[in-house]
Every structure is written in structure tokens, then in C-alpha cells.
Amino acid sequence: MVAAHAGGRSHRPCSRRRSATELDVHGETLYLDAATDAGELGSRIRQRSPVLTLGNFDEYLLGYRDRSFCVDPADLVRVVPGKNGIFLPLMVSNGRVIGTWRRLAKGRSITVEPQPFAAFSDRTAASFARSIKRYATFLDLTATVTSPTPARGR
């Protein structure tokens, strides 16, 4: 995004000529590439894949002091089990952290164990497995996903 003004003067970025979309955010005009899916302001953004797998130090969670927008504070101890700054890899669905996962690497393969905060639906489990397969393919590894570890109480 590019702000419409800098130093009090209005500027039109070069991308404006290449079909940028104007977006008014709290009275400030921002420009986005026309291909950007900005969604409806104030609406909940839905991700294309039901479950995303993020690494243990992903900025999605790490970059904020108040993480309640994406994880229930009662579940945060499951993400940072020792309260020592060591975060576990995340499972995210519709912007919320729904569990963690662990991997065991052996040679050219990995075994991944999902640890959801609540029971998985079959659809969620299948989406998690697809996400891990894409991750393994990126690393040029094979992957096996185990059955989810039953959710432990808070």
C-alpha cells in the first residue's frame, strides 16, 4: 500500500496508472494494486486453504505483544509451553491459531504430529495434511502425518 500523501502533498504512485484501487482507511487514501483482494472493509477475511501451517517463529504471532486477535490467551501456553520465548509451529484456520504441530526428520522424510486445541473435523485434518505435503514438497522431502494428538485440557 502507498499513502496518498507525503509531507502534506498529494502524490499519485506510478502503479496508479496500472489500475490501482483506491482504498479509504480512516480518512487516508491508500492505493493497492488492482489484483489485491482487499475484501470488504470490516469483514472477516477468509483464507483460501482451510488450514495453514506456519513455522515456530512466524511473524504472524511473534510480531505482536497482544496476541489475542489470533489465539485465545488460555491457549497461548500451548504455543509457548515453557513461557521462555520458544514458540511451537502453528496451525491457523480463518485467522485463529487452532493448534500446534511437531515434526521429526529422518533422512529425506518427515513425520508430523498435529496437536489441535480442540477435536479436528475430517475436513480440517485433510487440509492440514495437504498443507504439510506442500511444505515437504518445498523441502524436497516426503511427509507422513500422524493422527492428531487428543486435545489436552487448558
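This is a predicted model: local features need pLDDT of at least 70, side-chain atom pairs count only at pLDDT 80 or more; totals for chains, interfaces and linings use all residues.
Residues are numbered from 1 along each chain as its sequence is written, and side-chain values use heavy atoms, without hydrogens and water. Local features need pLDDT of at least 70 and side-chain atom pairs pLDDT 80 or more, whereas totals for chains, interfaces and linings use all residues.

**View 1. The chain has three helices and 10 strands.** Helices (H or I, at least four residues) and strands (E, at least two) are DSSP runs, numbered from the N terminus. Their order along the sequence is β-β-β-β-β-β-α-α-β-β-β-α-β. Of the 154 residues, 31% are buried (under 20% relative accessible area; exposed is over 50%, partly exposed in between; 1.4 Å probe, protein chains only).

**View 2. Phe57, Leu62 and Ile86 make a nonpolar surface patch of about 260 Å².** Patch residues have over 30% relative accessible area and no salt bridge, with nonpolar side chains joined within 5 Å and like charges within 9 Å. Phe57 lies in the loop between strand E6 (52–54) and helix H1 (59–62) and is partly exposed, at 43% relative accessibility.

**View 3. Arg78 and Asp75 form a salt bridge (3.8 Å, N to O).** The term requires a side-chain nitrogen of Lys or Arg within 4 Å of a carboxyl oxygen of Asp or Glu. Arg78 counts as buried at 17% relative accessibility, as does Asp75 at 5%.

**View 4. A salt bridge joins Asp140 and Arg108 (3.7 Å, N to O).** The partners are 32 residues apart, Asp140 between helix H3 (122–138) and strand E10 (142–145), Arg108 between strands E8 (96–106) and E9 (109–116). Asp140 is exposed at 59%, and Arg108 is exposed at 51%.

Technical notes: Accessible areas come from the Shrake-Rupley method with a 1.4 Å probe; for residues, only the protein chains shown count as cover.
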